[in-house]
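I opened a new page for this protein.

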Amino acid sequence: MEKYLIDTDIKVLCITAESFPSGVGEAFQKLVSYIGEGQDRTLYGISYSNGKGDIIYKAAFEELFPGEADKGGFETFLIRKGEYTSEILPDWKKDESIIGRTFQKLLKQPNLDPNGYCLEIYLNEKDVRFLVPLL
């Protein structure tokens, strides 16, 4: 694990998965169909508890221009600038169960933001950075 700094707020456009974890793939498929082939856009995953024991999951990508969310009918979310605890998982698709274990480890760190969320930044087709915001 390492500390990671996001130095500016990032506005992202989102599609909320209908269920977690089974609806996550479909949410990303909808995003990719909007983006189209050949566009180099960073994909994000954002998850948090709804306070009732369920996980809300949002597949997301960075807004390219003001008003893009309205054009595509997307929700928006603001990834807050600040310090995060982080871990990179190389080739995560080989064992997808590592995702939950990694977030459980990150969520045990001291000084977590109580209003935080779990964040995934897809670095490429194989590697992903997992982050949780700190106070």
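**Entry 1: the model.** I noted at the start that this is a predicted model.

**Entry 2: the elements.** I counted 3 helices and 8 strands. Read from the N terminus, they run β-β-α-β-β-α-β-β-α-β-β.

**Entry 3: overall size.** I looked up the span of the C-alpha trace, which is about 40 × 30 × 30 Å along the principal axes. The radius of gyration is 14 Å, and this agrees with a compact globule because such a globule of 135 residues would come out near 14 Å.

**Entry 4: contacts along the chain.** I took the contacts between residues at least 6 apart in sequence; 66% of them join residues at least 24 apart.

Entry 5: How much of the protein is buried? I found that buried residues make up 40% of the 135.

**Entry 6: the largest core.** I then went inside. The largest nonpolar core holds 24 residues, and Phe 28 and Leu 31 have the most contacts within it. Two or more residues each come from β2 (10-16), α1 (24-35), β4 (55-62), α3 (98-106), β7 (118-122) and β8 (128-133). Helix α1 gives the most, with 5 residues.

**Entry 7: Leu 31.** I set aside its neighbours within four places in sequence. Leu 31 then touches Leu 13, Ile 15, Leu 43, Ala 59, Ala 60, Phe 61 and Phe 74.

**Entry 8: charges.** I listed 16 positive and 22 negative side chains. The centres of the two sets lie 3 Å apart.

Conventions: Residues are numbered from 1 along each chain as its sequence is written. This is a predicted model: local features need pLDDT of at least 70, side-chain atom pairs count only at pLDDT 80 or more; totals for chains, interfaces and linings use all residues. Side-chain values use heavy atoms; hydrogens and water are left out. A nonpolar core is a set of buried Ala, Val, Leu, Ile, Met, Phe, Trp, Tyr and Cys residues joined through side-chain atoms within 4.5 Å. Buried means under 20% relative accessible area, exposed over 50%, partly exposed in between (1.4 Å probe, protein chains only). Helices (H or I, at least four residues) and strands (E, at least two) are DSSP runs, numbered from the N terminus. Contact means heavy atoms within 4.5 Å. The radius of gyration is taken over C-alpha atoms; the globule rule is 2.2 Å times the number of residues to the power 0.38. Lys and Arg count as positive and Asp and Glu as negative; His and the chain ends are not counted. The place of a charge is taken as NZ of Lys, CZ of Arg, CG of Asp or CD of Glu.
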